[in-house]
Amino acid sequence: NLLASNQHPVRLWMRDPQQAQAINENRQNPRYLKGVPVLDGVTATTDLAAVIAECELIFVALPSTALRTVLTSYADALRDKMLISTTKGIEANTFMLMSQILEDIAPFARVGVLSGPNLAREVAAHALTASVVASEDQALCQEVQTVLHGPTFRVYASRDRFGVELGGALKNVYAIIAGMAAAMGMGENTKSMLITRALAEMTRFAVKLGANPMTFLGLAGVGDLIVTCTSPKSRNYQVGFALGEGLSLDEAVTRLGEVAEGVNTLKVLKAKSQELDVYMPLVAGLYAILFEGRTLEQIIGGLMSGEPKTDVDFISIDGF
Ligand SMILES: NC(=O)C1=CN([C@@H]2O[C@H](COP(=O)(O)OP(=O)(O)OC[C@H]3O[C@@H](n4cnc5c(N)ncnc54)[C@H](O)[C@@H]3O)[C@@H](O)[C@H]2O)C=CC1
Ligand SMILES: O=C(CO)COP(=O)(O)O
């Protein structure tokens, strides 16, 4: 809709012919965005080859588990196209971020990511929103800013594609913990502690992977962490909330009926943090709750009784 309202013709690729026809006829997508009119400039279609051939700029919004499978046979068609991932996940086994998978599939495409505090429902409802486009390709960033900018949506640019993308993927895990804490009636101090220690933890991990920690101070880092850890509109938060109400993980995911990337990210992140020997007590704690039968109280108890630590890892003061 943002693109269409800037007079750009838009193709929306989807799998289900009935859904595509319904969107084209009724101008609504009631399963995912009830009550939001789909503008006339958007045409839904199931023909991916035709969409790729017709479009110069492609926003890839597939769930992380589907991205490689869906696009892998289109390598030649994607040559020279501008591909922007909006997917916030990490591939199991390879630990690749989505734009890295796009590069892998289509080495001659131009690749970037769009990430930030961007709850889909609020973007669709024209809540004032900011996002980040990140790519080493400056012209690509400018193009994305130009086509998306409007009265309610503003795009900032970054050269740090890896840091921006990593921030978007990691925060989902902490949103599950935040939702859980909310359901269990934990205090505002506790919620703030969890968010801030989450930022410390994700930054520590990112630095170990060679990312720039300053990126985590931006919209795609702390910005997205705040919105996802505080909003009941976040699906990861909702999964956490359901867990805090006593549902099992399967029940929580089934009740949601949409993608909550944090569940898969948790598994790959736990394994990677062990492999790299990065201290991530929140990730290890959530993993222990979901897969080893521990409780949130036990995990928070562990945090509170751990050996004294410094507040911010990257400030070194003599004697600390
Ligand atoms: N919804 C949001 O507020 C935001 C979502 N994202 C990211 O966008 C990505 C997608 O999430 P949503 O669209 O929100 O999830 P969703 O659960 O609302 O929708 C996922 C869509 O992907 C389709 N899909 C699933 N498997 C597919 C396949 N193999 N081939 C083609 N289509 C397939 C589903 O039919 C559904 O239409 C996630 O990585 C999420 O983190 C990023 C920013 C905001
Ligand atoms: O990434 C998002 C907001 O920026 C959406 O978060 P959820 O996937 O948890 O709904």
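1. Helices (H or I, at least four residues) and strands (E, at least two) are DSSP runs here, numbered from the N terminus. Please keep in mind that this is a predicted model, in which local features need pLDDT of at least 70, side-chain atom pairs count only at pLDDT 80 or more, and totals for chains, interfaces and linings use all residues. Residues are numbered from 1 along each chain as its sequence is written, while chains are lettered from A and ligands numbered from 1 in the order in which they are written.

2. H11 itself is mostly covered, with 10 of its 10 residues buried. By that I mean that 20 or more other C-beta atoms lie within 10 Å of a residue's own; 12 or fewer make it exposed, anything in between partly exposed, and C-beta atoms are placed from the backbone. Among the buried residues of H11 are Arg235, Tyr237, Phe241 and Leu243. The helix's buried residues pack against H8, H10, helix H12 (249–256) and helix H13 (262–276). Contact means that the C-beta atoms of two residues, placed from the backbone, lie within 7 Å.

3. The chain is divided into domain 1 (2–160) and domain 2 (162–305), with bounds that come from an automatic or database domain assignment. Their centres, taken over C-alpha atoms, are separated by 25 Å. The contact takes 24 residues from domain 1 and 28 residues from domain 2. On the domain 1 side, H5, S5, S6 and S7 each supply at least two residues, and S6 has the largest share, four residues. That side of domain 1 divides into 13 nonpolar, eight polar and three charged residues. Here Ala, Val, Leu, Ile, Met, Phe, Trp, Tyr, Cys and Pro count as nonpolar, Asp, Glu, Lys and Arg as charged, and the others, Gly among them, as polar.

4. Where does ligand 2 lie? Both domain 1 (2–160) and domain 2 (162–305) give residues to its shell, so ligand 2 lies between them. The residues around ligand 2 include Lys88, Asn118, Asn172, Asp224 and Arg235; a residue is near a molecule or strand if its C-beta atom, placed from the backbone, lies within 6 Å of it. Helix H8 (161–183), helix H10 (219–230) and helix H11 (235–244) each supply at least two residues of this shell, and H10 gives the most, three. By class, the shell around ligand 2 has four nonpolar, five polar and three charged residues.

5. Ligand 1 also deserves a look: because domain 1 (2–160) and domain 2 (162–305) both give residues to its shell, ligand 1 lies between them. It is surrounded by 18 residues, the closest being Ala66, Lys88, Ala120, Glu258 and Val259. Nine residues of the shell around ligand 1 are nonpolar, five are polar and four are charged.

6. Now to the sheet. Five strands form an open sheet in the order S3-S4-S5-S6-S7, with mixed pairing; two strands pair if DSSP finds at least two bridges between them. Strand S3 (57–60) and strand S7 (153–158) are the edges, each pairing on one side only. Neighbouring strands of this sheet are turned by 25° against each other on average, direction ignored. Helix H5 (residues 98–105) packs on the sheet and touches S3, strand S4 (82–85) and S5, its direction making about 160° with that of S5. H10 packs on the sheet as well, touching S5, S6 and S7, and its direction makes about 140° with that of S6. Axes are lines fitted to C-alpha atoms, for helices over the stretch in contact, and angles run from 0 to 180 degrees between N-to-C directions.

7. One residue of strand S4 to check is Ser85. Ser85 counts as buried because it has 28 C-beta neighbours inside 10 Å. Leaving out residues up to four places away in sequence, Ser85 touches Val60, Met98, Ser99, Leu102 and Val113.

8. Finally, strand S1 (residues 10–13) pairs with S2 in the parallel sense over four bridges, and Arg11 stands opposite Thr43 in S2.
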